[in-house]
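Subject: Structure handover

Hello,

Here is the structure I promised to pass on. Please open it next to this message and follow along.

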Amino acid sequence: MQRVFIIILDSLGIGATKDASKFGDEGANTLAHIAQACAEGKADNKVRHGELKVPNLQKLGLGLACEKACGMLPQHFNPNPTLIGGYSYATEISTGKDTTSGYWELAGVPALFQWETFPNPENSVPESLLADIEALPAVPGILGNCHGTGENILNQFGEEHIATGKPILYTVGDSVLQIACHESYYGLDKLYALCQAVRQKLDDSNISRVIARPFVGEQAGQFIHTENRRDYVLSPPTKTVLQKLVEEKNGDVIGVGKVTDILAGLTQKVKSTDCDELLEKTINEMKKAGDNTIVVADLENGLNCFGHERDVAGYAHLLEQFDARLPDILKAVTNDDLLILSAGHGCDPTWHGSDHTREFVPIMLYGNGVPKGFLGASSTFASVAQTVAHYFDLSQMDYGENLLKSSSN
């Protein structure tokens, strides 16, 4: 029986890439900077304290991948862990550092074109598009139209949104337009319909995603986003490895978490809320998966949120939560199964601004057929897809290396 399990530790970058200066990210390092902050007592809170404790990820080569990528072993990481799998690090060849580009590249389809963005911090959406949005039904006007993160945006505009019914538009440096509305006062279905309409107006552009960001609460300081977020994403220009498995092997591809809105080719979608629920559902899907199946899950709603909010303690705590559940994940890997852990971009919570960071990502492999140790550097995130294509004997991807056939010490 052939099964592959992919877990995307969404924004866990391991050092700035050679082209990071083009993005203003030279010196960024999500993992190393979190470990440093923890070691210095700057990531202590009510639920965690002290050095970053991820012993199981270290056994899969996380710290060593970081050291290979940027020459820096994270503070208090073991320089000689007892390895139980193989590891690599990968460079992104897509032109952006956004979620869609990273996830597409992991699935074998790099985004080699230039995404359009909304670069202006204020009055971000151009007047012509703004007028089109305001002309849509049930849009009595627009709030926001600026750069910002979820928590700050809700605190700034949430009360006015409840009073006026005006949707809140905001964005970041990525190719994304987010629309926040209250679940009760505005309505979830109404928000989804609005986002679908805006997505259609953007289909002739290279804007990657329109995101519905529902929230609840009654006043500033109490507003929180809910688990009912939805991403409306452009389709990739060519077939991903997920689509190839379905078409060439009549296989199944089960998505768990935010990945269900981002990747094409899924045959089943499993929604989740917090980290514990996502991991529980992921393990359950792994255990019951049949032959020719990929289970792909991500921590987009966790790690990435803490990265954008520049919350080092929150990010560190979630990494430690994941590490504590990792033995349960490994137990679900049996016979000839292949487990792959990677990331779609960086989002250094110690960095300036609130955007993603252009970084290398780790690729960690576990299973009976995986050599223990360094598997060589990868020229692209698409090596994840190429490895999966080889594993299932699918037609090969246009990019990437098969990491199970390349090894270097």
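Below is what turned up, beginning with the sheet and ending with a cavity.

One point before the details: this is a predicted model.

As background, strands of a sheet pair through backbone hydrogen bonds, either parallel or antiparallel.

Strand E12 and its partners

Strand E12 covers residues 338–342. Look for Phe 5, which stands opposite Leu 339 in E12.

E12 also pairs with strand E13 (residues 361–366), this time in the antiparallel sense. Three bridges join E12 and E13. Leu 365 is the bridge partner of Ile 340. Met 364 is the bridge partner of Leu 341.

Is E12 enclosed or open to the outside? Five of its five residues are buried, so E12 is largely enclosed by the rest of the structure. Both of its faces are covered. Leu 338, Ile 340 and Ser 342 are buried on one side. Leu 339 and Leu 341 are buried on the other.

A helix across the sheet

The cavity

Rolling a probe the size of a water molecule over the atoms shows where empty space is left. Here the count comes to one cavity of 30 Å³ or more. The largest cavity has a volume of about 100 Å³.

Which residues lie nearest its centre? They are Ile 6, Leu 106, Ala 107, Val 296 and Val 384, out of 14 lining residues. The elements that give two or more residues to this lining are E1, helix H4 (99–106), H8, E12 and helix H12 (383–392). H12 gives the most, with three residues.

What classes of residue make up the lining? It has 13 nonpolar residues, one polar and no charged ones.

That is the handover.

Best wishes

How values were computed
Residues are numbered from 1 along each chain as its sequence is written. This is a predicted model: local features need pLDDT of at least 70, side-chain atom pairs count only at pLDDT 80 or more; totals for chains, interfaces and linings use all residues. Side-chain values use heavy atoms; hydrogens and water are left out. Two strands pair if DSSP finds at least two bridges between them. Helices (H or I, at least four residues) and strands (E, at least two) are DSSP runs, numbered from the N terminus. Buried means under 20% relative accessible area, exposed over 50%, partly exposed in between (1.4 Å probe, protein chains only). On a 1 Å grid over the protein atoms alone, a cavity is a set of points where a 1.4 Å probe fits but cannot get out, and a pocket is an open set with protein on both sides within 12 Å along at least five of seven lines; lining residues have an atom within 4 Å of a point. Grid points are joined across faces, edges and corners, and a volume is the space filled by probe spheres set on the points. Ala, Val, Leu, Ile, Met, Phe, Trp, Tyr, Cys and Pro count as nonpolar, Asp, Glu, Lys and Arg as charged, and the others, Gly among them, as polar.
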